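Open the structure in your viewer and keep the sequence panel beside it. This tour goes from one selection to the next and says what is found at each stop.

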Amino acid sequence: MTDIQELLLSRIRDVADYPEPGVMFKDITPLLADPAAFTALTDALAQIAADTGATTVVGLEARGFILGAPVAVRAGLGFIPVRKAGKLPGATLRQAYDLEYGSAEIEVHAEDLTAGDRVLIVDDVLATGGTAAAAIHLIQRAGAEVSGLAVLMELGFLGGRTRLEAALDGAPLQALLQV
């Protein structure tokens with residue numbers, strides 16, 4: 001394990017039975033509260049942005065906003081939020097996706113992504129991959145290219161990586177931590 005992985009893991013708190021019995025929630029708020037850990041995380045994700053040739057960063061609501069915005073600033077790139085449906089004013093592109101029980105929709109301002117953009121998607125956790133897959137499709141529908149997907153933590157036992165391989169079409173999926 002690398003020094004940065006040890007630092008990040010040491011600042012993530014396990015919360016048993018949240019939000020429901022049997023779930024072990026990974027709380028990243030202690031990591032965000034630690035300036036050294038948050039800076040190390042931001043630097044690592046900004047390096048991924050550079051390595052993938054990203055021209056912009058997309059953050060997925062809501063913790064992807066917290067991680068993605070400082071990554072974009074550090075990498076010298078713009079930041080575009082992908083929000084839950086109904087949260088953005090003006091013309092939007094919308095993408096539906098399935099949840100464990102039901103479905104949801106995300107959207108982005110129609111003019112924020114254009115052909116020629118290379119987008120790094122940033123989020124905190126990759127679980128089943130549903131939201132990330134929807135974001136990939138949304139970005140592609142806007143005419144932009146996904147340069148990669150970067151997450152703080154991947155919950156490998158939920159199979160999100162496998163679900164995303166085809167949609168990523170060779171773009172890298174990088175998780176700083178694997179749980």
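Start by selecting G159, which lies in the loop between β8 and α6 (160-168). Helices (H or I, at least four residues) and strands (E, at least two) are DSSP runs, numbered from the N terminus. This is a predicted model, in which local features need pLDDT of at least 70, side-chain atom pairs count only at pLDDT 80 or more, and totals for chains, interfaces and linings use all residues. Residues are numbered from 1 along each chain as its sequence is written, and side-chain values use heavy atoms, with hydrogens and water left out.

Stay on G159: with 31% relative accessibility, G159 counts as partly exposed (buried is under 20% relative accessible area, exposed over 50%, partly exposed in between, with a 1.4 Å probe and protein chains only). Show its contacts (heavy atoms within 4.5 Å). Leaving aside residues up to four places away in sequence, G159 touches A127 and T128.

Next, the largest pocket, with a volume of about 1400 Å³. Select R63, V125, A127, T128 and L158, which are the closest to its centre of the 36 residues that line the pocket. A pocket here is an open set of points on a 1 Å grid over the protein atoms alone, where a 1.4 Å probe fits, with protein on both sides within 12 Å along at least five of seven lines; lining residues have an atom within 4 Å of a point. The volume is the space filled by probe spheres set on the points, which are joined across faces, edges and corners.

Colour β7 (118-126) among the elements that give two or more residues to this lining; β7 supplies the largest share, 4 residues.

Which aromatic pairs come next? There are 2 aromatic pairs, counted where ring centres of Phe, Tyr and Trp (its six-membered ring) lie within 6.5 Å; planes under 30 degrees apart are stacked, over 60 edge-to-face and the rest tilted. Select Y18 and F25: their ring centres are 5.2 Å apart and their planes are at 80°, so the pair is edge-to-face. Y18 is partly exposed at 46%, and F25 is partly exposed at 23%.

Finish with F65 and F79, whose ring centres are 6.3 Å apart with planes at 85°, so this pair is edge-to-face. The pair links distant parts of the chain, with F65 in helix α4 (residues 63-75) and F79 in strand β4, 14 residues apart.
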